[in-house]
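Student: I'm new to this one. Can we go through it together, with me asking what the labels rest on?

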Amino acid sequence: MRPALLVLPLAAFILVTFVAPLAVMLGRSLYDPLVADALPETLRLLRQWDGERTPSEPVFETMAGELLKARRERTLGRIATRVNRVQAGLRSALLKSVRKLRSAPRPDSWREAMIAVDPKWAEARTWHAIRRAGERFTLRHYLHALDLDQAPGGGIIRQPPDLRIYLPLLQRTLAVSLGITLLCLLLGYPIAYLIANAPPRRANLLLLLVLVPFWTSLLVRTTSWIVLLQTQGVINDLLAAVGLIAEDQRISMIYNMTGTVVAMTHVLLPFMVLPLYSVMRTIPPLYMSAAASLGANFLQAFRRVYWPQTLPGVAAGSLLVFILAIGYFITPALVGGQSGQLISNMVAYHMQQSLNWGLAAALGGVLLGGVFLLYLVFNRLVGVDRMRLG
Amino acid sequence: MAEHGTGPLMDSSPKVHVEFEGVSKSYDGRTMVVRDLDLVVYEGEFLTLLGPSGSGKTTCLMMLAGFQVPTSGAIRIGGRAVDDLPPRKRDIGVVFQNYALFPHMTVGENLSFPLEVRGMDPQEIRKRVGGSLELVRLEGLEGRRPGELSGGQQQRVAIARALVFEPALVLMDEPLGALDRRLREEMQYEVRRIQRKLGVTVVYVTHDQQEAMAMSDRVAVFQRGRIEQVAPPEALYEEPEREFVARFIGDNNLLHGRVIGVEGDLCRVETGGQIVTAFRVVPCQVGDLVSVAIRPERVAVSPKPGLYGNELDARIDDIAFLGDHLRLRMTVCDSPDFIAKIPNIVGHGGVLEGDRVRVGWTLTDARALEPDESGEGFP
Ligand SMILES: Nc1ncnc2c1ncn2[C@@H]1O[C@H](COP(=O)(O)OP(=O)(O)O)[C@@H](O)[C@H]1O
Ligand SMILES: [Mg+2]
């Protein structure tokens, strides 16, 4: 009982600052009551609509009433935005119609009047869009996040190629994360080996060098890369001064994918080195000696004796780096330019600029699901219980 | 180079397998861990390096295996200098102190490893692995991992792995150190049996003198990076040449004194006011300091006068009954802790603690040896 009490503060902290927001956010990706609450009667009438012809007069009349009410309650703009996300162009149709109808005297037929303002009201797909925007529980954010769409008939179709944004970005994020993980492994493995097999004093010093970046602000580290890599930066200056490149051929190494990969590899390297080191430290050098005495050359001894014993560390480090990379935001935002953006930058965009929180949450949900899936596969292949995180 | 001992084999001219010539080793460039070592190992011999921990035994083994490079001197295997030969080309089986079985491989994979890196055909590998498991009596354990085996079983696997590629020379570094006493004795016999059966040369390291005595054809006694003596076990026990060996092998009483007379093979030594006549192992002169060693079981208490060449006064401090023998602790020539072991059947003739008695032993059972460098214990 006592030990459980000791973790209580942490548990409460995690609940309030992590689990709850996560749940709320994921909830947002599935639950969107705004339109449903604003146009309840319209949506109820639309449920009886045949889905093909233009709806009848009562539908128009009810919606006009509810829209005018929403205008008075100052929610009209947000409703228009929601509907517009389901079908582009409907925002202006909505706002324009409300403006016209409000100033004009009460018409004989709301149907005629609205179609006169915007012929879109005569189209069936407009009403389909309104019906979908009015779904309280909805998968449309997820469809959107996966570049899918709901066909008017009810089936699910892929977006036309030129509108597919998120899947390619997700693919790119996966590929880049994988590349960064491999780079970290390639760079980190020899370092970890060196540290694990150095005499204690030197090992401590080397470990310190690996950890120093941890104590430096991420921002400082990232901006140092800017200083180094930019077109007028240290490396380009050096290359130009030595004459390896001409002045007008300076290499662009930052504000593109190269910048993202370089800076993220640097930032994430310690997460690879530490688990590797902790595993390698437990492997006595005696094993390599034994392998040599049994007739193995270095490569055979490494491949058959050393490498397999480091797999738990390789697995832990790779998983750690990969998962961190896949959701990384600040570094690509600072040094990634246009081509170096990753999925999390898109999430941030929808959170901060387009204010489409539902989509942002759905993108986050897709990412979370993807990582979880990878983890399961990984567990199947390597066995997480065999992993050593540090 | 000087040849120690008589050589173990009936063969009139045993062939030299391994040769250390003037080998020295320093890890830090200052202290010599092995000093100017000369040693010959014959083909088919079981030679043990025996010495206290830190005396340089493992270092010698590692130089022979190729994991350490001698600071000076030469090591030859089969007449060929090996300083430029990497460990994997020396064709030496090594049993490491902590076995060094590969934990992620099964027993079978551990044993196949040396054969696979040699590119042997799988059929042959399976045959050889089966054969060597049979040799160490572990049939049917191929599929286990080292972690699932007992200490004794791991030991056998380590030995099998060192033998499976049929090296002519096998090195073992305290292979039985981690086992309990009973298992250790069983494995001593087992290792010896295997070595005899295969006829391989074994260089064995231990700090346990009983183990060395039980297993070896010859024993090289190490102290502080030097070899004190190389000899078969009996010779080491009966004819130690130096005080360190006399002390290290079995129990011994040591009396320290000064030579006052020399007559042929014998010398007379004055110690604590009494005179001891001893066999002259070192060519000592009158006035030299020597240590006289007498085995406890060679000491007779209250002997018939005139029966032994040496008879001295002693006081009995303690009598302990130890089953098969009595252990008398005495003060002889001012030296306390002089031990006599009296076989149970002989009895102690009714002496009691505190009694003053005469003790005696044959002239040749007292051996005048070169004292240890420290000179500790001399007046
Ligand atoms: N790899 C090494 N580096 C530095 N010193 C060592 C090393 N191996 C052994 N020594 C030192 O050399 C001495 C002899 O060691 P060792 O050969 O292992 O003795 P033994 O096997 O007889 O116990 C010891 O003082 C030990 O501390
Ligand atoms: Mg040792």
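Student: How many residues does helix 5 of chain A have, and how far does helix 5 reach from its first C-alpha to its last?

Tutor: Helix 5 of chain A covers residues 57-72, which is 16 residues, and spans 23 Å between its end C-alphas, close to the 22 Å expected at 1.5 Å a residue. The expected span is 1.5 Å times one less than the number of residues. Helices here are DSSP runs of H or I with at least four residues, strands are runs of E with at least two, and both are numbered from the N terminus. Before we go on: this is a predicted model, where local features need pLDDT of at least 70 and side-chain atom pairs count only at pLDDT 80 or more, while totals for chains, interfaces and linings use all residues. Residues are numbered from 1 along each chain as its sequence is written, chains are lettered from A and ligands numbered from 1 in the order in which they are written, and side-chain values use heavy atoms, leaving out hydrogens and water.

Student: Why is Leu67(A) called buried?

Tutor: Buried means under 20% relative accessible area, exposed means over 50%, and partly exposed is in between (1.4 Å probe, protein chains only). Leu67(A) has 3% relative accessibility, so it counts as buried. It lies in helix 5 of chain A, whose buried residues also include Val59(A), Phe60(A) and Met63(A).

Student: What does Leu67(A) touch?

Tutor: Leaving aside residues up to four places away in sequence, Leu67(A) touches Leu39(A), Leu76(A), Leu94(A) and Val98(A). A contact means heavy atoms within 4.5 Å. Leu39(A) is 28 residues from Leu67(A) in sequence, and their C-alphas are 7.5 Å apart. As for the buried residues of helix 5 of chain A, their cover includes helix 3 (34-38), helix 6 (76-86) and helix 7 (90-103) of chain A.

Student: Which strands of chain B close into a barrel?

Tutor: Five strands do, in the order 11-12-13-20-14, with mixed pairing. Strand 11 (residues 253-263) and strand 12 of chain B pair antiparallel over five bridges. They form a hairpin with two residues between them, and Gly264(B) in the turn has a positive phi of about 60 degrees. Strand 12 and strand 13 (residues 274-280) of chain B run antiparallel too, joined by six bridges.

Student: Which residues make up the covered face of strand 12 of chain B?

Tutor: Cys267(B), Val269(B) and Thr271(B) are on the covered face, while Leu266(B), Arg268(B) and Glu270(B) are on the uncovered one. In a regular strand the side chains alternate between the two faces of the sheet.

Student: How many residues are in the largest nonpolar core?

Tutor: That core has 106 residues, and those with the most contacts inside it include Leu268(A), Leu49(B) and Leu64(B). A nonpolar core is a set of buried Ala, Val, Leu, Ile, Met, Phe, Trp, Tyr and Cys residues joined through side-chain atoms within 4.5 Å. Helix 15 (residues 257-280) of chain A gives the largest share of this core, eleven residues.

Notes. Pairing = 2+ DSSP bridges.
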